[in-house]
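Biologist: I would like to learn how to read a protein model. Can you take me through one, feature by feature?

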Amino acid sequence: MILNNKVKLSAEEPTSESSSDKKENSANNETNLNGASQVLSEEAAKIAALEAECTATQAKLAETHDRMLRIAADFENTRKRMEKEKQDSRIYSIQEFAKDLLPVIDAFDKAMSAIEQSQINFETEEGKKVAGIVEGVQLVSKVFQDTVKKHGIERLPGKDAPFNPAFHNAIAKIVDPIYTQETVIDEFMAGYKIGDRILRTAMVRVGSPD
């Protein structure tokens, strides 16, 4: 009986050592897993920090880009405004002089109108002499009109144009149902503008439906 007990004890000793090894291995595995988990957590934290830094940098870049666009737009608007002011200064600096030219323009208009309405026979000897004068007046009138137009002085719409209070000063009015809208039917004195500014409104007769 004693021998059997000893044999049993001998057989049980390896089993006890195997269980101990398993516990030790399990503890080691758990330690390794904890270490790996800690490393992964640290890496994840670094990645999150880098992503946050990248997001902040992108936001700053977007803000800088928007600011540069606004600066560029402001610069372009300033350039255009200065260019327009320069152009306006050039045009409107002769505004008073342009007003003084209007009587000269009117004189040429009257001369041209008189020529068109004349009953001169240009085939006669006397008519041929007058024809030379007429041709000279027409040439000077054209050169003068081209010159004033070159400097921004333009004639306002006149006869047959729709009546516009900004352009026309109606000194007479005819009511007739044949007119579908207020229309300039006669122009007694032409109106002129320089650029966007009115030098003189036209004196007109208006036809109105009522």
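This is a predicted model: local features need pLDDT of at least 70, side-chain atom pairs count only at pLDDT 80 or more; totals for chains, interfaces and linings use all residues.

Biologist: Where does D160 sit in the chain?

Modeller: D160 is in the loop between strand 1 and strand 2, and strand 2 covers 168-175.

Biologist: What is the phi of D160?

Modeller: First the general idea. Most residues other than glycine have a negative phi. Now the case here. D160 has a positive phi of about 75 degrees, and D160 is not a glycine.

Biologist: Let us step back to the whole chain. How many helices and strands are there?

Modeller: The chain has 3 helices and 6 strands. Read from the N terminus, the order is α-α-α-β-β-β-β-β-β.

Biologist: How much of the chain is buried?

Modeller: Buried residues are 18% of the 210 residues in the chain. To count as buried, a residue needs a relative accessible area under 20%.

Biologist: Now pockets. How does one look for empty space?

Modeller: A probe the size of a water molecule is rolled over the atoms, and this shows where empty space is left. In this model, the largest pocket holds about 240 Å³ of space.

Biologist: Which residues line the largest pocket?

Modeller: The lining is made of D106, D109, K110, S113, R155, E187, F188, M189 and A190. Two elements give two or more residues each: helix 2 (95-117) and strand 3 (183-189). Helix 2 gives the most, with 4 residues.

Biologist: What classes of residue are in that lining?

Modeller: Sort the lining by class. There are 5 charged residues, 3 nonpolar and 1 polar.

Biologist: Next, salt bridges. What should I look for?

Modeller: Look for a side-chain nitrogen of Lys or Arg within 4 Å of a carboxyl oxygen of Asp or Glu. Over the whole structure, the search finds 9 salt bridges.

Biologist: Show me one inside a single element.

Modeller: Take E96 and K99. Their side chains meet in a salt bridge, at 3.9 Å from N to O. Both residues lie in helix 2, 3 residues apart, which is about one turn of the helix.

Biologist: Are E96 and K99 exposed or partly exposed?

Modeller: They fall into separate classes. E96 is exposed, because its relative accessible area is 53%. K99 is at 34%, so K99 counts as partly exposed.

Biologist: Which residue forms a salt bridge with E187?

Modeller: The partner of E187 is R155, with the closest N and O atoms 2.9 Å apart. This pair links distant parts of the chain. E187 is in strand 3, R155 is in strand 1 (residues 153-155), and 32 residues separate them. E187 is partly exposed, because its relative accessibility is 24%. R155 is also partly exposed, at 44%. Salt bridges that share partners join D109, R155 and E187 into one network. Recall the pocket: D109, R155 and E187 are among its lining residues.

Biologist: Give me one more pair.

Modeller: K173 and E182 form a salt bridge, and their closest N and O atoms are 3.8 Å apart. E182 has 32% relative accessibility, so E182 counts as partly exposed.

Biologist: What about nonpolar residues on the surface? Which ones form a patch?

Modeller: The patch is made of I171, F188 and M189. Together they have about 260 Å² of accessible area. F188 lies in strand 3. F188 is partly exposed, because its relative accessible area is 44%.

Note on methods:
Residues are numbered from 1 along each chain as its sequence is written. Side-chain values use heavy atoms; hydrogens and water are left out. On a 1 Å grid over the protein atoms alone, a cavity is a set of points where a 1.4 Å probe fits but cannot get out, and a pocket is an open set with protein on both sides within 12 Å along at least five of seven lines; lining residues have an atom within 4 Å of a point. Grid points are joined across faces, edges and corners, and a volume is the space filled by probe spheres set on the points. Ala, Val, Leu, Ile, Met, Phe, Trp, Tyr, Cys and Pro count as nonpolar, Asp, Glu, Lys and Arg as charged, and the others, Gly among them, as polar. Patches are made of residues with over 30% relative accessible area and no salt bridge: like charges are joined within 9 Å, nonpolar side chains (Val, Leu, Ile, Met, Phe, Trp, Tyr) within 5 Å. Accessible areas come from the Shrake-Rupley method with a 1.4 Å probe; for residues, only the protein chains shown count as cover. Buried means under 20% relative accessible area, exposed over 50%, partly exposed in between (1.4 Å probe, protein chains only).
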